[in-house]
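Hi,

Here is the structure I said I would pass on.

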Amino acid sequence: MAITFTGNLNLQGITAQMGLKAERAIGVCCEDLLRKAVEVCPKDTGDLRKSGTVQVDKKGIETIGQVGFGGDQTSDYAVIVHEMPNTTNWSEPGTGSKYLENPLKENSQNYLNKIADAVKV
């Protein structure tokens, strides 16, 4: 006895849809991380906060999302401020060092869940 299943699964189409959904979800997560990082990023002149960027790139089947601060002119400053000790007297309460790392750690599971939910078929 045998059971035969037939049908056109269109696996390439499904895979392409999943890739687009993953790319969008990664972009949404990166934008959310940037927003949260800016909220806790130290503010002196505001230049560091304004330098925050999101970039989502597709390389083959891989989607890479990047959130960063600094750009060309303030990259050294962004790293220095990010790594300053917690004992620093910040000009604005609730801001401080690890302004990118801490929000990522606090939200990483949520981001993974959002991406996984987005690619469910």
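Below is what turned up, starting with the overall layout and moving on to salt bridges and one histidine.

Keep in mind that this is a predicted model. The protein has four helices and two strands, running α-α-β-β-α-α from the N terminus. Of its 121 residues, 28% count as buried. The accessible surface comes to about 8600 Å², and carbon and sulfur atoms make up 55% of that.

On to the charged pairs: a search of the whole structure gives eight salt bridges. Asp-32 and Arg-35 form one of them, at 2.8 Å from N to O. Both sit in helix α1, three residues apart, so about one helical turn separates them. Asp-32 is buried at 14% relative accessible area, while Arg-35 is partly exposed at 43%. These two also belong to a salt-bridge network with Lys-36 and Glu-39.

Arg-49 pairs with Glu-92, with 3.3 Å between the closest N and O atoms. Because Arg-49 is in helix α2 and Glu-92 is in the loop between α3 and α4, this pair ties together parts 43 residues apart in sequence. Arg-49 is buried (18%); Glu-92 is partly exposed (29%).

Lys-105 is exposed at 56%.

Finally, what does the side chain of His-82 make a polar contact with? That would be the side chain of Glu-83, at 2.8 Å. His-82 is in helix α3 and is buried at 12% relative accessibility. Further along the sequence, its contacts include Tyr-99 and Glu-101.

Cheers

How values were computed
Residues are numbered from 1 along each chain as its sequence is written. This is a predicted model: local features need pLDDT of at least 70, side-chain atom pairs count only at pLDDT 80 or more; totals for chains, interfaces and linings use all residues. Side-chain values use heavy atoms; hydrogens and water are left out. Buried means under 20% relative accessible area, exposed over 50%, partly exposed in between (1.4 Å probe, protein chains only). A polar contact is a pair of N or O atoms within 3.5 Å; within protein, one must be able to donate a hydrogen and the other to accept it, and residues adjacent in sequence count only if both atoms are side-chain atoms. Contact means heavy atoms within 4.5 Å. Accessible areas come from the Shrake-Rupley method with a 1.4 Å probe; for residues, only the protein chains shown count as cover. A salt bridge is a side-chain nitrogen of Lys or Arg within 4 Å of a carboxyl oxygen of Asp or Glu. Lists of a residue's contacts leave out its neighbours within four places in sequence.
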